[in-house]
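Dear colleague,

Please find below the structure for your review.

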Amino acid sequence: MIARADGTRVWVPETTVAILERAATERPNVLALICGERELSYREYADAVSGLASRLVDAGATGRTVAIVLRNSIEICIAMFAVHAAGATAAALNPDYTKSELAPMFADAQPVVTLTHDDLADRVTALCPGEIWTDLETLPPVLTSLPAIADESIATLQFTGGTTGRPKGVMLSHRAIATNVAQREAVVPSNFGDERIICVMPLFHIFAMAMGLHLAAYAAGTLVILPRYRPDWVMDAIERYAITRFPAGPTVFNSLLGFDGLDRARLSTVRCAYSGSAPLAHDTLTRWEAATGIPIYEGYGQSEAGPILTHHGPGMTLKQGSVGPALPGTEIGIVGGDVGEIRARAPQIMTGYLDRPDETAAALNDGWLYTGDIGRIDADGYLFIEDRKKDMVIVGGYNVYPREIDEVLMAHPDIVEAAAIGVPDAYRGEVIWAFIVGDLSEAAVLERCEAALVRYKHPNTIRFIRALPRTSVGKIDKQALKVMARADIEGRQNVA
């Protein structure tokens, strides 16, 4: 049982499909999706999902993986629920990824069908071992009966980067995802049939799925989808559709605080905002609340955790620097002292990494997920994130693994050595710096990155040096590089 602080029970669906089915049954005429000039009611939404799911069953997708390479649109919402309804596993991939970034994901997932846009088909044709479907809005409905879905079956294959440079497929069951939706609901309750949620985040991202796609359906609310983030579009949409909930990453809140069109009166319908995917600076939180009067409830999690582990909510003390207490049914522990690696045990935890038994064993031990993050828990049970154990950078809410950038740079014939690091940035949280030994121009480095990496992985700053610093055992000393970057930034600030 999952309950709110007042003891009232929260509905826990068995599958993600059940969430949409309830909304379509109880609120069939409520607007479910709005994207530009297109709108769908919950009845139309459910019919579209059933139609696409039936076609997927006929294509033999049940029990196999379907890749979803779609931009923010009504189609990606339909696709996510349809793949689940077909008894298949959904692998949502970044449509901005290059072929070289997508290739290992396709190789691991082996999708029987790939759902994508017409203009992206060429990018995935050589990678997809199965069929490619485009123009999803024109697919005719069919009447194939849909399979029963076991709650322990894998609903989603969420790819996340790794310190090895190769992405790993996180396997999340229907039970894990559906339970996590209910856990979030217990802490930050929604009003059934009376919510309008804006989605500015990319819907392939697990945070957008949890706090946009699934939250809207659970509340039988309206999801207003923007194709991408622009501050004027956000303000216009909030006012036009009387948005009540605003999930976003810290970069969006920072951007809006610097936007001349930020108007408290136009935000009057927003009940709360949610922040996730990257640490929220206390300065951003206080400035946002002072400017808008809207509380931001911050949470913490990762793809391996379905994705939410802790969250602030109404009525809670908002502690500076904390990401809140554990969700109901979630145990959070610290390994190795008062400050140490964060581990979690909960029903929303992943089943494991696809075809990665060694990495699964390293992450899952005796039912505990070892997160790779360093933190502490205070006397009230609030979690504070202190550091990261694994070599990972969060750029504007996206996880970036420097090892992957290192390998891309080292493949350039004129680069002798290269090392990428994360450097704190007031706007994006962190940015990438690349230190390079080689005889080439900065333009040549960026050209190499353009060909192999999505834009948010590109170095923000490139430094050419004679040799990379090394530790006593001969490894590249990235801590020394971070000291060099900090000295560089401080030197420029002093000059200014």
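This is a predicted model: local features need pLDDT of at least 70, side-chain atom pairs count only at pLDDT 80 or more; totals for chains, interfaces and linings use all residues.

Empty space

Rolling a probe the size of a water molecule over the atoms shows where empty space is left. The second largest pocket holds about 1,000 Å³ of space. Its lining is made up of 36 residues, and Asp 96, Pro 202, Gly 396, Tyr 398 and Tyr 456 are the closest to the centre of this pocket. Three elements, helix H7 (206–218), helix H9 (250–257) and strand E25 (429–438), each give two or more residues to that lining. Sorted by class, the lining of the second largest pocket consists of 21 nonpolar, 10 polar and 5 charged residues.

As for cavities, the structure has 1 of 30 Å³ or more. Helix H6 (174–187) and H7 each supply two or more residues to the lining of the largest cavity. Helix H7 also gives two or more residues to the lining of the second largest pocket.

Strands E3, E5 and E6

Strand E5 (residues 113–116) pairs with two other strands listed here. With strand E3 (residues 65–69), the pairing is parallel and runs over 4 bridges; Val 69 has Thr 116 of E5 as its bridge partner. With strand E6 (residues 131–133), the pairing is again parallel, over 3 bridges, and Thr 114 is bridged to Ile 132 of E6.

In a regular strand the side chains alternate between the two faces of the sheet. In E5, Val 113 and Leu 115 point one way, while Thr 114 and Thr 116 point the other way. All four of these residues are buried.

Thr 160

Thr 160 belongs to strand E7 (residues 154–160). Is this residue buried or exposed? Thr 160 counts as buried because its relative accessible area is 6%, and the cut-off for buried is under 20%. Beyond its neighbours within four places in sequence, Thr 160 is in contact with Pro 167, Lys 168, Val 170, Ser 303, Glu 304, Tyr 353, Asn 399 and Tyr 401.

Yours sincerely

Methods: Residues are numbered from 1 along each chain as its sequence is written. Side-chain values use heavy atoms; hydrogens and water are left out. On a 1 Å grid over the protein atoms alone, a cavity is a set of points where a 1.4 Å probe fits but cannot get out, and a pocket is an open set with protein on both sides within 12 Å along at least five of seven lines; lining residues have an atom within 4 Å of a point. Grid points are joined across faces, edges and corners, and a volume is the space filled by probe spheres set on the points. Ala, Val, Leu, Ile, Met, Phe, Trp, Tyr, Cys and Pro count as nonpolar, Asp, Glu, Lys and Arg as charged, and the others, Gly among them, as polar. Buried means under 20% relative accessible area, exposed over 50%, partly exposed in between (1.4 Å probe, protein chains only). Contact means heavy atoms within 4.5 Å. Two strands pair if DSSP finds at least two bridges between them.
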